[in-house]
Amino acid sequence: MLQLTRVSKHFGGLAVLREVSFTIERGEIVGLIGPNGAGKSTLFNLICGLARPNTGAISFAGRRIDGLPAHRVCALGLAKTSQLVRIFPGMSVTDNALVGALLRTRNIRQARSIAMAALERLGLGHAAYLSASDLGLVDRMRLELARALCTEPALLLVDELLAGLGPAEVNVTLELLRRLHSQGLTLAIIEHNLGALMRLCGRVLALDAGRLIAEGSPEAVSRDPRVVESYLGGAAGDA
Ligand SMILES: Nc1ncnc2c1ncn2[C@@H]1O[C@H](COP(=O)(O)OP(=O)(O)OP(=O)(O)O)[C@@H](O)[C@H]1O
Ligand SMILES: [Mg+2]
């Protein structure tokens, strides 16, 4: 479904991604881990068209997508939630979600009904007419997901959705992601909460300093000596 071939990205003299290659198959939940600054968010930005790789190729559903602008990539069925949840605070919850639906239709009534359906799917239907600024952290997270779902993705990239959530809220979110997956959504998830990731993902990729250093089952990757050294600092080898 998604294929990266020797993708590199540098900002000025700083090499942020170095020859990263991997594939994601339809129906997978793939985790992406790595220490702060490893290049995880940059990788997602390249995939969804917010930035272009310097070298290498990215294909989605059999089409080359590197170099396409983000709205074109999104129209092909590839969406991303951002690490910092951004809401339009003066607007209602529905209107915030509706922004995503405008990619699919210019008809506002149709967009509104897509938005309502997405909010219902995420258990946020009851808050549809509230101001988005009145939402708590978990509901903002739901809204971020709803906005992405409104673009009708086949593959959703999720960048650190769990940051700042307590254990109960993390469980609620994992359940939501599992439900979306069971409804046919393929997921790639950046997450520092390794425990959560292990419970969710079938496969994990580990980045360190812009290089893919390990790939495999959550158990295997979390025991990989290079991952333990780079990411877990040696202290959490049994995580
Ligand atoms: N637009 C940019 N211009 C210059 N440097 C950048 C830019 N975006 C990211 N970087 C640098 O690239 C490196 C990787 O950043 P990135 O945000 O991809 O890391 P990350 O793995 O997502 O980290 P975190 O876990 O903290 O979110 C960092 O050194 C960062 O400072
Ligand atoms: Mg990041």
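The conversation below takes up the terms one by one.

Mentor: Keep in mind that this is a predicted model, in which local features need pLDDT of at least 70 and side-chain atom pairs count only at pLDDT 80 or more, while totals for chains, interfaces and linings use all residues. Residues are numbered from 1 along each chain as its sequence is written, and chains are lettered from A and ligands numbered from 1 in the order in which they are written.

Trainee: Why is L205 called buried?

Mentor: A residue is buried if 20 or more other C-beta atoms, placed from the backbone, lie within 10 Å of its own, exposed if 12 or fewer, and partly exposed in between. L205 has 23 other C-beta atoms within 10 Å, and therefore it is buried.

Trainee: Where does L205 sit, and which residues is L205 in contact with, leaving aside its neighbours within four places in sequence?

Mentor: L205 belongs to strand β9 (residues 203-208), strands being DSSP runs of E with at least two residues and helices runs of H or I with at least four, numbered from the N terminus. Contact requires C-beta atoms, placed from the backbone, within 7 Å, and with those sequence neighbours set aside L205 touches F22, V30, L32, L212 and E215. The C-alpha atoms of L205 and I33 are separated by 6.3 Å, although the two residues are 172 apart along the chain.

Trainee: Why does A61 count as partly exposed?

Mentor: A61 has 14 C-beta neighbours inside 10 Å, so it counts as partly exposed. A61 lies in the loop between β4 and β5, and its phi is positive, about 50°, although it is not a glycine.

Trainee: And why is E160 also given as partly exposed?

Mentor: E160 has 19 C-beta neighbours inside 10 Å, and so it counts as partly exposed. Its place is the loop between β7 (155-159) and α6, and its phi, near 50°, is a positive value in a residue other than glycine.

Trainee: What makes β2 and β5 edge strands?

Mentor: Two strands pair if DSSP finds at least two bridges between them. In the open sheet of 4 strands, ordered β2-β1-β4-β5 with antiparallel pairing, β2 and β5 (63-64) each pair on one side only. Strands β1 (residues 2-11) and β4 (residues 55-60) are joined by 5 bridges and run antiparallel, with T5 opposite A57 in β4. Helix α1 packs on the sheet, touching β1, β2 and β4, and its direction makes about 60° with that of β2.

Trainee: Which elements each supply at least two residues of the shell around ligand 1?

Mentor: They are β2 (14-24) and α1 (40-47), with the largest share, 3 residues, coming from α1. A residue is near a molecule if its C-beta atom, placed from the backbone, lies within 6 Å of it, and the residues around ligand 1 include F11, V16, N36, K40 and Q83. By class, the shell has 4 nonpolar, 7 polar and 1 charged residues, where Ala, Val, Leu, Ile, Met, Phe, Trp, Tyr, Cys and Pro count as nonpolar, Asp, Glu, Lys and Arg as charged, and the others, Gly among them, as polar.

Trainee: How many residues of domain 1 are in contact with domain 2?

Mentor: The domain assignment gives domain 1 (1-77 + 153-174 + 185-239) and domain 2 (86-152), and 12 residues of domain 1 are in contact with 7 residues of domain 2. On the side of domain 1 that touches domain 2, α2 (70-75) and α6 (167-182) are the elements that give two or more residues.

Note on methods:
Domains from an automatic or database assignment. Contact = placed C-beta atoms within 7 Å. Axes fitted to C-alpha atoms, helices over the stretch in contact; angles between N-to-C directions.
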